[in-house]
Amino acid sequence: MIKIVKRDQPSKAIFFFTPVLAIFLTLIAGGIIFYILGFKPFEALKFFFIVPIADKYGFSELLLKATPLCLIAIGLSFCFKSNNWNIGAEGQLTFGAIVSGGVALLFYDQEGFYILPIVILAGAIGGMIYASIPAILKTYFNTNEILVSLMLVYVSKLILDYLVVGPWSNPEGFNFPETRQFSDSARLPLLFEGLRIHAGIFLALAAVVISWFVFYKTYLGFQMKVSGFSLKTAKYAGYKGKKMIILVFLISGACAGLAGVGEITGPIGQLHREVSPDYGFTAIIVAFLGRLHPVGIIFASLVVAITYLGAETAQIFMQIPKYTGQVFQGMILFFLLASDYLLFFKFKFIDSKK
Amino acid sequence: MHKFLIRSFVSSLVLLFTLTVAAVAKDVKAAFVYIGPTGDHGWTYQHDVGRKAVEDAGFKTTYVEGVPESADAERVLRQLANSGHDIIFTTSFGYMNPTNKVAKEFPNVKFEHATGYKREHPNVATYAARFYEGRTILGTIAGTMTKSNVIGYVASFPIPEVIRGINSFTLAAQKVNPNIKTKIVWAFTWYDPGKEAEAAKALIDQGADVIAQHTDSTAIVQMAEKAGVYAFGQASDMDKFAPKAVLTSVENNWGPYYVDRVKAVANGTWSQKDTWHGIGDGMVVISGLDSQMPSDLQAKVKKLQADLASGKVHSFTGPIYDQKGNLMVAEGKTADDGMLAGMMTYVKGVEGDIPK
């Protein structure tokens with residue numbers, strides 16, 4: 001007979017093994033889905049996960065796609081580690097894009113080296129302002145940050161809608177919902193001729209390094225970890241909980257805002273209604289798949305990024321519906337949460353004859 | 001000898017012709033980029049119907065659905081251009097800048113952008129339909145069928161395309177019923193069943209007994225069905241979604257244009273142009289008329305349809321006044337395409353202001 005027993009302590013090996021297991025199970029389940037849909041499973045998986053990154057251009061697109069996911073997920077890991085459930089990164093991204101886009105539009109007919117740094121800074125500040133709303137409401141009014149941050153996402157999208165439809169719409173653009181194109185000085189420089197990968201990737205890498213340092217080498221990181229395990233312990237130890245809540249939200253908002261800057265000053269080059277295909281929500285999957293560890297998040301962002309690219313390739317070459325990409329993202333999270341069960345419980349074989 | 005020469009000449013012509021046709025059917029590949037899922041009604045569905053017409057004409061096609069207007073559009077376009085497609089149709093306004101950008105990199109691939117105005121490279125063409133002609137028909141029906149003289153109109157974004165539709169609709173309704181008023185609710189979306197239903201409800205609450213729409217979902221006609229008022233289908237024939245409410249629909253019919261353009265690529269006759277086709281060219285189609293419409297109205301609509309197609313009637317024939325009473329189009333004149341393309345003022349009889 002098999003009995004399920006609670007573990008005394010979560011297993012460390014399994015902690016890092018389950019994300020790999022989740023990806024593996026997703027591939028198997030994906031193959032089965034392709035088979036049921038009438039496609040050859042191995043060929044479909046090849047077009048999904050190998051073909052899109054088989055050349056230099058494809059690989060650069062993978063990095064381009066992974067950059068905002070990684071950046072946001074790093075920011076979210078500050079929140080999630082310390083028990084703050086910021087679900088509104090998409091809103092912080094959008095608001096960061098609004099603020100930095102607004103600044104970029106001020107300089108639309110100017111060139112100069114000083115423009116880009118101001119635009120980037122504006123984006124980070126925009127994200128921080130927007131993230132501070134759920135943080136302050138949580139610390140001083142005890143509101144639920146999940147609800148507040150989530151609902152602010154829709155508010156930010158409506159603000160963006162209002163601006164690009166109305167006051168910021170391109171005066172030469174027949175009132176279509178989009179702004180002017182930014183000047184070249186407000187655009188992140190491209191790293192290679194002919195590829196879209198831009199300097200924003202350095203922002204993501206810097207965030208990885210800084211977060212690793214903060215998590216594992218500073219007192220703040222330790223405080224976050226303790227608060228994550230037990231808020232009571234943190235209180236007992238005398239940590240200033242309110243300050244930390246606001247701080248992690250600000251960091252998270254800045255990262256999401258910078259991701260927004262990367263999109264509009266990188267590949268897009270203007271503001272319109274759709275600056276992000278829900279990166280802020282997908283980054284939640286990335287953060288958990290990466291186990292809230294900076295290095296894990298890098299790998300997770302690459303894995304999730306490829307589901308976007310793969311979905312396009314699979315539709316172009318095999319006519320597989322593109323929405324299977326979202327099915328894959330959902331399955332990864334599902335299998336991860338399911339296999340996390342193994343972290344806290346183990347199977348024990350009991351001799352029933354006794 | 002003579003006969004032999006003629007015969008061999010004819011047979012070689014036939015052979016040449018067959019070879020060309022075979023080469024055509026084999027070679028040209030068309031791709032379509034969609035904003036939404038192909039579904040069973042609406043904007044993207046109608047484009048996909050057009051794509052199937054291209055397939056039926058013997059060409060290979062590819063499509064990618066649900067492509068956001070974010071940075072992803074450019075990658076999808078580049079990948080299509082890179083994988084052997086000769087002509088790419090981008091079927092949403094937001095693909096305008098990516099289309100022109102990728103077109104520059106692939107001068108041998110033809111790009112066709114729907115509803116846009118930028119043709120920055122010789123391999124970019126644009127196309128759109130004169131939907132306002134269909135709205136002249138809807139306005140005529142609405143003006144006749146209304147009892148409250150209040151007509152509701154759910155609009156999407158305040159761009160010339162939508163303003164033109166509102167004006168064309170209102171002018172036609174006024175012509176048959178000078179007392180009508182058009183009330184507008186801006187939904188600021190092309191597709192959002194929740195918002196669209198709310199907008200329709202707000203209009204019905206304000207006394208509208210006929211609802212027109214410039215958004216994509218079936219929520220409005222279904223709301224009209226529930227409330228017992230009339231409505232019109234958008235993009236596809238929406239009769240099956242609300243059999244009592246829907247009087248007729250204006251259908252988008254892209255097939256003939258798509259087949260034409262893909263054939264032009266095959267024949268080497270493709271060239272850049274800006275196409276704007278209406279009822280006459282078959283790009284705008286009026287669905288079957290509902291039997292609740294009196295027979296004299298049905299006859300009138302049929303005649304109007306024929307006159308719009310032949311050019312005998314123009315949707316914007318003067319005198320047309322704006323809301324403040326300023327003359328927009330003089331008596332006996334018609335609005336030219338330049339004026340229509342940039343139309344950003346309401347005509348007299350439309351209530352409210354254009355959101356700025």
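How many residues does the contact take from chain B and from chain A? It takes 27 residues from chain B and 21 residues from chain A, where two residues are in contact if their C-beta atoms, placed from the backbone, lie within 7 Å.

A word on the ground rules. This is a predicted model, in which local features need pLDDT of at least 70 and side-chain atom pairs count only at pLDDT 80 or more, while totals for chains, interfaces and linings use all residues. Residues are numbered from 1 along each chain as its sequence is written, with chains lettered from A and ligands numbered from 1 in the order in which they are written.

**Stop 1: the side of chain B that touches chain A**

Select β2 (60-64) and α3 (72-82) of chain B: each supplies at least two residues of this side. (Helices, H or I with at least four residues, and strands, E with at least two, are DSSP runs numbered from the N terminus.) The largest share, six residues, comes from α3(B). Coloured by class, the side shows 14 nonpolar, seven polar and six charged residues. Here Ala, Val, Leu, Ile, Met, Phe, Trp, Tyr, Cys and Pro count as nonpolar, Asp, Glu, Lys and Arg as charged, and the others, Gly among them, as polar.

**Stop 2: a parallel sheet in chain B**

Stay in chain B and pick out the open sheet of six strands, in the order β2-β1-β3-β4-β5-β11, with parallel pairing; two strands pair if DSSP finds at least two bridges between them. β2(B) and β11(B) (274-277) stand at the edges with a single partner strand each, so one side of each has no neighbour in the sheet. Zoom in on β4(B) (110-114) and β5(B) (124-129), which are joined by four bridges. Ala114(B) stands opposite Tyr127(B) there.

**Stop 3: a mixed sheet in chain B**

Next, show the open sheet of six strands in the order β7-β6-β8-β9-β10-β12 of chain B, where the pairing is mixed. Which strands stand at its edges? They are β7(B) (181-186) and β12(B) (284-286), each with a single partner strand. Four bridges join β6(B) (150-155) to β8(B) (210-213), and the two run parallel. Look for Tyr153(B) opposite Ala212(B). Helix α7(B) (193-205) lies across β6, β7 and β8 of chain B, at about 165° to β6(B); such angles run from 0 to 180 degrees between N-to-C directions, with axes being lines fitted to C-alpha atoms, for helices over the stretch in contact.

Then try α6(B) (160-176): is it mostly covered or mostly open? It is mostly covered, with 13 of its 17 residues buried. Buried means that 20 or more other C-beta atoms lie within 10 Å of a residue's own (exposed is 12 or fewer, partly exposed in between; C-beta atoms are placed from the backbone).

**Stop 4: chain A**

Switch to α4(A) (89-106) and α5(A) (115-141), which pack at about 145° with their axes 7 Å apart. Their contact includes Phe95(A) of α4(A) and Tyr130(A) of α5(A). By class, this contact has 16 nonpolar, seven polar and no charged residues.

Finish with β1(A) (2-6) and β2(A) (345-349). Five bridges join these two antiparallel strands, and Val5(A) stands opposite Lys346(A). Of the five residues of β2(A), zero are buried, so this strand lies largely in the open.
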